[in-house]
Amino acid sequence: MNRFVTITTSNITDFAGVYQEVFNSPPWSDGWSRDAVLERLESFAEFPSFLGWGLIREGSPVGFALGWGERWVNGWTFQLKEMCITQQFQSKGLGRALLETATSELRGRGFRSINLVTGRSSPAAAFYEHVGFGEQGLVSLHRDL
């Protein structure tokens, strides 16, 4: 049975294993250490407008969506920073259910939109397009320091 939970500073570390499993596997193969994942997730949870939803299946975390709100010209938008489902449970409708749960709560809080960034050729891009997201014509830039 699936259960959705609110992610807070007190339980976000419960989802570190999910993050590490997903993003250390193809197509990402990032190489995240446990300490780096914990630091990343804990820093997200400290944002004043942080919101997160976790997916628990048979007592274990198997996915989550998290980010924070930002005021934009026409209202509040949610910056979806991370969303993932363990590979074992991908392509079973759980990602869609997780996103629908988050979307419903965001609407109830008065948010007007959700923004996210993902790799153009990643399977995640196809998933997000399938559930109604579209490109905004923005460019994501990077510079090493």
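**Salt bridges**

I searched the whole structure and found 3 salt bridges. My criterion was a side-chain nitrogen of Lys or Arg within 4 Å of a carboxyl oxygen of Asp or Glu. The model is predicted, so I kept local features only at pLDDT of at least 70 and side-chain atom pairs only at pLDDT 80 or more, while totals for chains, interfaces and linings use all residues. Residues are numbered from 1 along each chain as its sequence is written, and side-chain values use heavy atoms, with hydrogens and water left out.

I began with Arg 40 and Glu 82. Their closest N and O atoms are 2.6 Å apart. Arg 40 sits in helix 2 (residues 34-45) and Glu 82 in strand 4, so this bridge ties together parts 42 residues apart in sequence. I took helices (H or I, at least four residues) and strands (E, at least two) as DSSP runs, numbered from the N terminus. Next came accessibility: buried is under 20% relative accessible area, exposed over 50%, and partly exposed in between (1.4 Å probe, protein chains only). Glu 82 is buried at 9%. Arg 40 is partly exposed at 25%.

I then looked up Arg 120 with Glu 135. The closest N and O atoms are 2.9 Å apart. Arg 120 lies in the loop between strand 5 and helix 4 (123-130), and Glu 135 in the segment after helix 4, so parts 15 residues apart in sequence are tied together. Arg 120 is exposed at 65%. Glu 135 is exposed as well, at 58%.

Arg 109 and Glu 105 also form a salt bridge, with N to O at 3.2 Å. Glu 105 is partly exposed, at 27% relative accessibility.

**Aromatic pairs**

I ran the ring search over the whole structure and got 12 aromatic pairs. Rings of Phe, Tyr and Trp (its six-membered ring) pair if their centres lie within 6.5 Å; planes under 30 degrees apart are stacked, over 60 edge-to-face, and the rest tilted.

Tyr 19 and Phe 64 are stacked, at 6.3 Å centre to centre and 15 degrees between the planes. This pair links distant parts of the chain, with Tyr 19 in helix 1 (residues 16-23) and Phe 64 in strand 3 (residues 60-72), 45 residues apart. Tyr 19 is buried at 2%. Phe 64 is buried at 0%.

Trp 76 and Phe 111 are edge-to-face, at 6.4 Å centre to centre and 70 degrees between the planes. Trp 76 is in strand 4 (residues 75-85) and Phe 111 in the loop between helix 3 and strand 5, so parts 35 residues apart in sequence are tied together. Trp 76 is partly exposed at 40%. Phe 111 is buried at 14%.

I also noted one aromatic cluster, formed by Phe 15, Tyr 19, Phe 23, Trp 28, Trp 32 and Phe 64.

**Second largest pocket**

I took a pocket as an open set of points on a 1 Å grid over the protein atoms alone, where a 1.4 Å probe fits, with protein on both sides within 12 Å along at least five of seven lines; lining residues have an atom within 4 Å of a point. The second largest pocket holds about 300 Å³ of space. It has 13 lining residues, and the closest to its centre are Thr 103, Arg 107, Ile 114, Val 131 and Phe 133. Helix 3 (94-108) and strand 5 (113-116) are the elements that give two or more residues to this lining. Helix 3 gives the most, with 6 residues.

Conventions
Grid points are joined across faces, edges and corners, and a volume is the space filled by probe spheres set on the points.
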